[in-house]
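Thank you all for coming this morning.

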Amino acid sequence: MSSRSVFLARSQPMRLVIALPFLWLGVFFLLPLGLVLGIALGTNSPDSVPPVELGVDLASFRLLFTDDLYLAAWLSSLRIAAISTAVTLLLGYPMAYAIARAAPRRRPLLLMLVMLPFWTSFLIRIYAWMGLLSENGILNQVLRGSGLVADPGTILGTEWAIYLGIVYAYLPFMVLPLYAALEKLDWSLLEAASDLGARPSTAFLTVTLPLSLPGIVAGCLLVFIPAVGEFVIPDLLGGTQTLMIGKVLWDEFFTNSDWPLASAVAICLLVLLVGPILLFQRQQQRSLERRS
Amino acid sequence: MGEPIVKIVGVTKRFGAVEAVANVDLEIARGELFALLGGSGCGKTTLLRLLAGFERPDRGRILIDGQDMTGVPPHLRPINMMFQSYALFPHLDVAGNVAYGLKREGVARPEIATRVAEALALVKLDGLGTRRPSQLSGGQRQRVALARALVKRPKLLLLDEPLAALDRKLREDTRFELVRLQEQLGVTFVIVTHDQPEAMSMASRLAVMNAGRIVQTGTPHELYERPATRFVAGFIGIANILQTAPGRWLALRPEKIALSADRPATERAIAGTVVEVGYEGDRSLYRIALADGSTMRVAQTNVARARESAFKRGDNVWLGWSDDAGQVLHE
């Protein structure tokens, strides 16, 4: 550590290289964040442009903690994100396991298939789901056409559609870190476990699972953190009755034109996600240290 | 030798078109330290994995202690294995690694603690129970792997190249340590190795494998002094193979031949010229060219402290040996 800092202190070009990303973050992250915080502390004035009067007023924050709507939206977001993360893990683990155990020459193809959806814009893919799930969508046409179900309900506009959308969109973010963890696993450890008397299920629980834990934590956080603040999926696939914090933020900003309140929601969302993000970073740091 | 602990009957294992193990019959007696010796790809490791249950034979049967194990999965076999890579669990400490097999048996917690402590004492790792495998030296890791397998009190312990990952000095010490443990515990050991001095010095009996088949089984003495084929004669130690008649050969060990300046009084004698002197300290290994163009290797023990080897390159010498010095081979 100390030798590295000595090296950095001595090398002038190196300093510049380090400074560039900090400059970038300062201009495009810290500065906008300061603006948002400033707006959140201002008051709403619908007649001026922009519709905000700067000052130091905690009214918007106070409203967040007194109106049940925001707490409900926040809890609902956490619930939907948590359930989606769990489903993604349950689907992603067998996929990652199968890819890690496939013949080495087949793995690139299988990984490419996992990442294939990224070749199409996220928004277009969610619109495609609308086409699949709507009242007269492809799914219902197939169900009616097959004669299996005469009057299928409509999934679009329900919470189910949100789960489907999130699990679909975030599955690769779960599979890739899990694959990275499982691919490093020394399979002779499973033979050793079996040799020492462990049934296959016990060997999985006592060897594979604990050794892939870094991948599980990374995958879950990579899905959970963006899913909490997700806006597009609940807006396009979910119904009006589903509250998610990202949607509330949108509504406050564009529908109600209440910039201070929307900014306060954004600040709170950020603060509440700092916990899991720090957890993720610490875990990444630890797995890096363990490797070296 | 009573009921053998291991009985392998007509076992064949194919990987694609390759017969890794071809129609092997083998019996291993209770309490033996048995070595499977052969070059890489000879099938010795596959045979070991068949015993452990990681591979299923295509044909034949494997009996352990009289019980047919052919379809029994590894976790139900009374066998433990020490892996070449040691395969220690990196997320468990040393005690956790050793206790792993006992927990799977459902042994009570206080007994696990006692037996783990005993096993660690046996391999001289007392007090290292809370270390992680990554904090141990190669030799210590090897002993953890040994303790983890022995703590289960298996009927049979399989050791896959147990010394290959150790450096040379440690390897020699560990060799005798393993033999001492085996004698102390009375557990049957089956060792797979490609290192013939290792197999010779440790094993009570060994089998030489080549191309999936067992070429010869016997004590180290039998294999060295009475090799059955030219392959065994050449694989174990050095041998001069002399063709005495069509389909008949004589395997003659270098140290069974005497070198002298004058024609010796032995039953066989032949003249030659020294073309190469390999001084190894304890002995010198000569390569002698004969009149017919062939060469023979002769070893002389350096009993006396001399400034140089008794014969130099270019010296004309006589090779002498008695009629019973070599082994007659038919294949």
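Before I name any pairs, let me say what I mean by residues that meet: two residues are in contact if their C-beta atoms, placed from the backbone, lie within 7 Å. Please also keep in mind that this is a predicted model.

With that in hand, let us look at chain A, where residues of helix H8(A), among them A:Ile166, A:Tyr170, A:Phe173 and A:Leu182, meet residues of helix H11(A), including A:Pro214, A:Ile216, A:Leu222 and A:Ala227. If we sort the residues of this contact by class, we find 15 nonpolar, two polar and no charged.

How do the axes of these two helices cross? Helix H8 of chain A covers residues 159-183 and helix H11 of chain A covers residues 213-228, and their axes come within 7 Å and cross at roughly 160°. Angles over 145 degrees count as roughly antiparallel, and therefore H8(A) and H11(A) are described as roughly antiparallel to each other. The crossing of the two helices is right-handed.

Let me turn now to chain B and its strands. Strand S1, residues 6-15, pairs with strand S2, residues 18-28, in the antiparallel sense over seven bridges, and in this pairing B:Lys7 stands opposite B:Glu27 of S2(B). S1(B) and S2(B) form a hairpin with two residues between them, and in the turn B:Gly16 has a positive phi of about 65°. S1(B) is also joined to strand S4, residues 59-64 of chain B, by five bridges, and these strands run antiparallel as well. Here B:Ile8 has B:Ile62 in S4(B) as its bridge partner.

Stepping back to the whole of chain B, the domain assignment gives domain 1 as 6-230 and domain 2 as 240-329. The C-alpha centres of the two domains lie 39 Å apart, and the contact between them takes five residues from each domain. On the side of domain 1 that touches domain 2, there are one nonpolar, one polar and three charged residues.

Finally, what does each chain bring to the contact between A and B? Chain B gives 16 residues and chain A gives 15 residues. On the side of chain B, strand S6 (79-82) and helix H2 (94-105) each supply at least two residues, and H2(B) gives the most, with four residues. By class, that side of chain B divides into eight nonpolar, five polar and three charged residues.

How values were computed: Residues numbered from 1 in each chain as written. Chains lettered and ligands numbered in written order. Predicted model: local features only at pLDDT ≥ 70, side-chain atom pairs only at ≥ 80, totals over all residues. Nonpolar A, V, L, I, M, F, W, Y, C, P; charged D, E, K, R; others polar. Domains from an automatic or database assignment. Axes fitted to C-alpha atoms, helices over the stretch in contact; angles between N-to-C directions. Parallel < 35°, antiparallel > 145°, perpendicular 65-115°, else oblique. Left-handed = near helix turned anticlockwise from the far one by under 90°. Pairing = 2+ DSSP bridges.
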